[in-house]
Amino acid sequence: MTGQESAAPTASSAHRRDALTDVAGVRVGHARVAGEGALSGTTVVLAPEGGAVAAVDVRGGGPGTRETDALDPRNLVQRIDAVVLTGGSAYGLDAASGVMGWLEEQGRGVRVGPDPSQVVPVVPAACVFDLGRGGDWRARPDASTGRAAVEDAAASQPGAAVAEGCVGAGTGAVAGQLKGGVGTASILLPSGITVAALVVVNAAGSVLDPRTGVLYGEYGGAEPAVAPAPEVHRAARQRLAQAHDANTRPPLNTTLAVVATDAGLSRAQAQKLAGTAHDGLARAIRPVHLLSDGDTIFALATGAHALDPANPLALNDLLAAGAEAVTRAVVKAARAATSVSGRAGGGSYLAYGDLYGPQQPPAPPGDGSDSPSA
């Protein structure tokens, strides 16, 4: 147990979604680029009214980002209202403009004048590489995609379920030889604090152990990893090899994540949370943080629960839970993805569930008894 201040959970474990939206006030929206040759989209994480303390940690060698310098604890901006995760490589960062426009209409942002409407929304964003995977190189997110995603988030109910798999920024995602996508998970600590993650899995490395067919992120979980039958694994490897031979596009990727908590964190503590959460990627993706990746993790803290000021190690439970939530979100993304095949010029990408059959991911921790430090 931690020395954190005891606080009642905002919802019972029975009402949790095992999603980023288990952090009260946080909402998620997705939008997809329209068109026959399109395989890309945008995901927006919308903070509660008043914003959230935010930080970022970039570990990949080829990142595409916007407004991440504003999150440096040494700089002016204290809180942000939204984070944009988008496809389309650097072109797709234009999606953040649509989110800025919507926030301005709501009067949300850094106030820069005497009139409450005079605001500048700070919208950090990061992109994944998915150009051409649907066959049309120019089918990528723009400002209208970002606006559609933030409107989708704003229209959702508090604590709503979050769509996973080939949605939003995960629409064209690929994980090694498998189809990637969006996954989300949450952990309720004994203190009543929630730590949750949403991940867009689009990695140059693999999420799959080629020796066994087990997802790397399932090793070391609460339940022992169960390997598929040998004949199923052999057939899957053969299909993956055939698809790999047919795909000619380079492995340019990037995995993105948002880790959120309802704890009250300083900007420096939030940055530590973002950095430690990368451990969750390292457990679930091998190799990770390559030059062809732009792996980036944002952290958001809404401040509903205070940490115990008398305990200098109170943050440790959150750091461990953030990494664990990221690992579980990667697994859920791989399991929720669906295969994409035969798109003109875009290649074929097979999903884990289509290769190995539908299997349920491990059940989420419920009351904190299975949390990393319980």
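I began with burial, and found that buried residues, those under 20% relative accessible area with a 1.4 Å probe and protein chains only, make up 56% of the 374 residues in the protein chain. I noted that this is a predicted model, in which local features need pLDDT of at least 70 and side-chain atom pairs count only at pLDDT 80 or more, while totals for chains, interfaces and linings use all residues. Residues are numbered from 1 along each chain as its sequence is written, and side-chain values use heavy atoms, with hydrogens and water left out.

Next I looked up the elements, and the protein chain has six helices and 16 strands; these are DSSP runs numbered from the N terminus, helices being H or I of at least four residues and strands E of at least two.

I then followed an open sheet of five strands, whose order is 3-14-13-12-11 with mixed pairing, where two strands pair if DSSP finds at least two bridges between them. Strand 3 (53-58) and strand 11 (181-188) stand at the edges with a single partner strand each, so one side of each has no neighbour in the sheet.

**The helices.** Which strands does helix 4 touch? I found that helix 4 (residues 267-284) packs on the sheet and touches strand 3, strand 12, strand 13 (256-264) and strand 14 (296-306), contact meaning heavy atoms within 4.5 Å. Helix 5 (residues 316-336) lies across strand 11, strand 12 and strand 13.

Last, I looked up how the two helices meet: the axes of helix 4 and helix 5 come within 7 Å and cross at roughly 40 degrees, with axes as lines fitted to C-alpha atoms, for helices over the stretch in contact, and angles running from 0 to 180 degrees between N-to-C directions. The contact includes L273 and A277 of helix 4, and L319 and V326 of helix 5.

Definitions and conventions
Buried means under 20% relative accessible area, exposed over 50%, partly exposed in between (1.4 Å probe, protein chains only).
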